[in-house]
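Subject: A structure for you to look through

Dear colleague,

I am handing over the structure we talked about, and I would be glad if you read the notes below with the model open beside them. Please take your time with each part.

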Amino acid sequence: MTQLPAPGATPAAPPPAEPLPTTTPARPRWRETLGLLARNPTAAVSATVLVLIVLVAVFDETLAPYGPNEQDPSLQLQPPSRDHPFGTDEFGRDVFSRVILGAGTSLRVGFLSVAFALVVGTLIGLVAGYYGRWVDDTLMRLMDVLFAFPAVLLAIAIVAIRGAGPANAILAIGIVYVPIFARVTRASVLGVREEVYVRASRSVGASDWRLITRHVLPNAAPPIIVQTSVSLAFAVLAEAALSFLGLGPRRPNPSWGLMLADGRGFIEQAWWYAVFPGLAIVVTVLCFNLLGDGLRDVLDPRQRTLMAGGGR
Amino acid sequence: MTSPAEQEVLVSARGLEVHFPVRSGGALRRTTGALRAVDGVDLDVYRGETLGLVGESGCGKSTLGNALLRLVPPTGGTVTFDGLDVTAMGRKQLRELRRRAGMVFQDPFASLDPRRTVAQTVSEPLEVHGLHPGRQARAARVRELLELVGLDAGVAARYPHEFSGGQRQRVGIARALAGEPDFLVCDEAIASLDVSVQAQVLNLLRRLQRQLGLTLLFISHDLSAVRHVSDRIAVMYLGRVVEVGPAAAVAAEPQMPYARALLSAVPVPHPELERSRQRIVLRGDVPSPARVPSGCRFRTRCPDVFEPCPDVDPVLQPVGSAPGHLAACHLHGVVGAPVQRAEPGAPVGAGDPAS
């Protein structure tokens, strides 16, 4: 653009177009994000490990060499060996098989509870942030009340009221995470709502529904995605904690938290009983966290400081 | 250009007010005052013309433009669009208004959704208003619009970040034109562009206006640009239109001291004339729109202030020799509403000098 059309000159034809971008056809944003993520080694490794864990959970029956409750009284509390790589527990059950079969429980509770929190929390945050005023005040004060309780205590209280079991554990953990998603969403929506492109869409007649679904939510999504990954880590941990306290899945179903609780009693005679389920929890939680960090770097670097102390 | 008297009014504001509440801090958030961004504006925009709206930063130009389209709700006065009362419109009528009146925004980097392709952005009005139904018909219309604003139709699948400022602004203009509007508000549409690109976009707007018979409200603080494109010019100060008239008349012989000072700041593209140009430099700052002076709002900075200024709020009255040239200034006869201390600045109708 070096030539300046003389002011006042009436262009007969459309003015000379500036050189158009010569990049290859536009790639959708998510492809770009995936590409960036793959170049972040920590995130890439975490994602790979998580995919493996999910695959293990899906094919648990095929992968586990023994059944979850297959007992061999002659092999009680045996140390790791060729037949039992993670050793055996006090009933002679294979710890390796039970860790594999417990993955499903942990992940299912984790995913479902976070999905619940994601849907409900995002909806609340979206409505509060978009409509503002008393809607915002009412909803966010409600969230503050929920937020005021220590997370695990609140989950324990909910399970105590509704009774133990996986379904109630999912609900309890889900409710605990609703305020976090509501807050993250609201903060993000507050910023996006004021963007000129939202005003521009309104100026051509777009409805509130259209503005929210087509413009506000997609642009407010990055911190919510990051929060989802981080919350999955905490949800797996919370499931383990609830199981540990006897408020999650019931014995003899395999669950990492339950195994950890039971193994605790034998920690001096049989370290493998508690350590392997514990390791499974650590690896899963760590991977979700690292993936969350990676996603944050890729999607939303500005949120880094904002959320540094916010997890629970 | 026919004289304004013979022309049909498309958009009209009478006593238009946009007051934002000023709230105290603290939990109670009591309303302690009003920021009078637009404070009693009388303005007519004639069909097919370009009306330039000038004034310094913060004088309410943009708010006025937004209020005319009800993108900012007016707190007082009326706006009519093609005879319909904009302030009283229901859902359906308002949607039709959004189709018939478009807006081009200042910052082309902020006014396009970064997650949507050019085609999605430009076709949004088509989807919203059910124009050109069908995927293919819409795509064809989008191509047509892109070519209309001087872009290659092949850019439809691209994202805004791939474009320069000028190209993005063309996309913004294409979006504003998608609903085949009668009226286009250009809110500082060239302010954040490079100078060379400014000229291109300006010429594009002029071409589109002739080609499509648009009515244009061109809001800008760039007086040269306004003079270049406008048929008429309105000068705004502190929330009020203080002078309006044919572009040549307002530019050549501004009648109100503020307009005179504002226009004297425009450089003349002729070295000798430029050297002899008399500049009127105003003293003081613009008063806060939350504390508008009584009477004439310009009196605190006016070089010609005299007795009636603090006591009578001037209304627009015919001045100068050109027909349709109006100014709100007591130098042309003291006309206006005496200040009532309780409720200052009651707006008075425009073409009504005998009050």
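The notes below go through the confidence of the model, then chain A, then chain B, and then the charged pairs.

Please keep in mind from the start that this is a predicted model. Chain A has an average pLDDT of 81, with 86% of its residues scoring at least 70, and there are two stretches that call for caution. Over residues 21–26 of chain A the pLDDT stays under 50, although the model has 11 contacts for this stretch beyond four places in sequence; over residues 303–312 of chain A the pLDDT is also below 50, and that stretch has 18 contacts beyond near neighbours in sequence. Chain B averages a pLDDT of 83, and 92% of the residues reach at least 70. Among the elements of chain B, strand β8 (residues 215–219) has the highest mean pLDDT, at 92, whereas strand β14 (residues 336–338) has the lowest, at 71. Residues 342–355 of chain B have a pLDDT below 50, with 18 contacts in the model beyond near neighbours in sequence. Where pLDDT is low, the predicted coordinates should not be read in detail.

Chain A contains 12 helices and 0 strands. The chain exposes about 15300 Å², of which carbon and sulfur atoms supply 66%.

On that surface there is a nonpolar patch of about 700 Å², made by V51(A), L52(A), V54(A), L55(A), V58(A), F59(A), L63(A) and F111(A). Helix α2 (residues 41–58) of chain A gives the most to the patch, with 5 residues. F111(A), for its part, is found in helix α4 of chain A, and it counts as partly exposed because its relative accessible area is 35%.

The loop between α3 (60–63) and α4 (95–131) of chain A is also worth a careful look, and H84(A) is found there. Is H84(A) buried or exposed? With a relative accessible area of 7%, H84(A) is buried. Its side chain makes a polar contact with the side chain of D94(A), at 3.0 Å, and, when residues up to four places away in sequence are not counted, H84(A) touches Y66(A), L75(A), P79(A) and D94(A). Q71(A) has its place in the loop between α3 and α4 as well. The C-alpha atoms of Q71(A) and D94(A) are separated by 8.0 Å, while the two residues are 23 residues apart along the chain. Leaving aside neighbours within four places in sequence, Q71(A) is in contact with F91(A), G92(A) and R93(A).

In chain B, two residues stand out by their backbone angles. Most residues other than glycine have a negative phi. R70(B), however, has a positive phi, near 60 degrees; this residue sits in the loop between α1 (61–68) and β4 (76–81) of chain B and is partly exposed, at 23% relative accessibility. L238(B) likewise has a positive phi, near 50 degrees, and lies in the loop between β9 (232–237) and β10 (240–246) of chain B, where L238(B) is buried, with a relative accessible area of 2%.

Last come the charged pairs. Side chains of opposite charge can pair when their charged atoms come close. How many salt bridges does the structure hold over all chains? There are 25 of them. In one, the side chains of R36(B) and D39(B) meet at 3.6 Å, N to O; R36(B) is buried at 15% relative accessible area, and D39(B) is buried at 2%. In another, D82(B) pairs with R47(B), the closest N and O atoms being 3.2 Å apart, and this pair links distant parts of the chain, 35 residues apart. E180(B) and R141(B) also form a salt bridge, at 3.8 Å, N to O. E180(B) lies in the loop between α5 (165–177) and β7 (183–187) of chain B and R141(B) in helix α4 (residues 135–148) of chain B, so the pair ties together parts 39 residues apart in sequence. E180(B) is partly exposed, with a relative accessible area of 48%, whereas R141(B) is buried at 9%. Finally, R210(A), R214(A), R116(B), E124(B) and E127(B) are linked in a network of salt bridges.

With best wishes

Key: Residues numbered from 1 in each chain as written. Chains lettered and ligands numbered in written order. Predicted model: local features only at pLDDT ≥ 70, side-chain atom pairs only at ≥ 80, totals over all residues. Heavy atoms only, no water. Helix = DSSP H or I, 4+ residues; strand = E, 2+ residues; numbered from the N terminus. Buried < 20%, exposed > 50% of the residue type's maximum accessible area, 1.4 Å probe, protein only. Polar contact = N/O pair within 3.5 Å; in protein donor to acceptor, adjacent residues only side chain to side chain. Contact = heavy atoms within 4.5 Å. pLDDT = per-residue confidence, 0-100. Patch = residues over 30% accessible without salt bridge, like charges linked within 9 Å, V, L, I, M, F, W, Y side chains within 5 Å. Areas by Shrake-Rupley, 256 points an atom, 1.4 Å probe, with all protein chains shown as cover. Salt bridge = Lys/Arg side-chain N within 4 Å of Asp/Glu carboxyl O.
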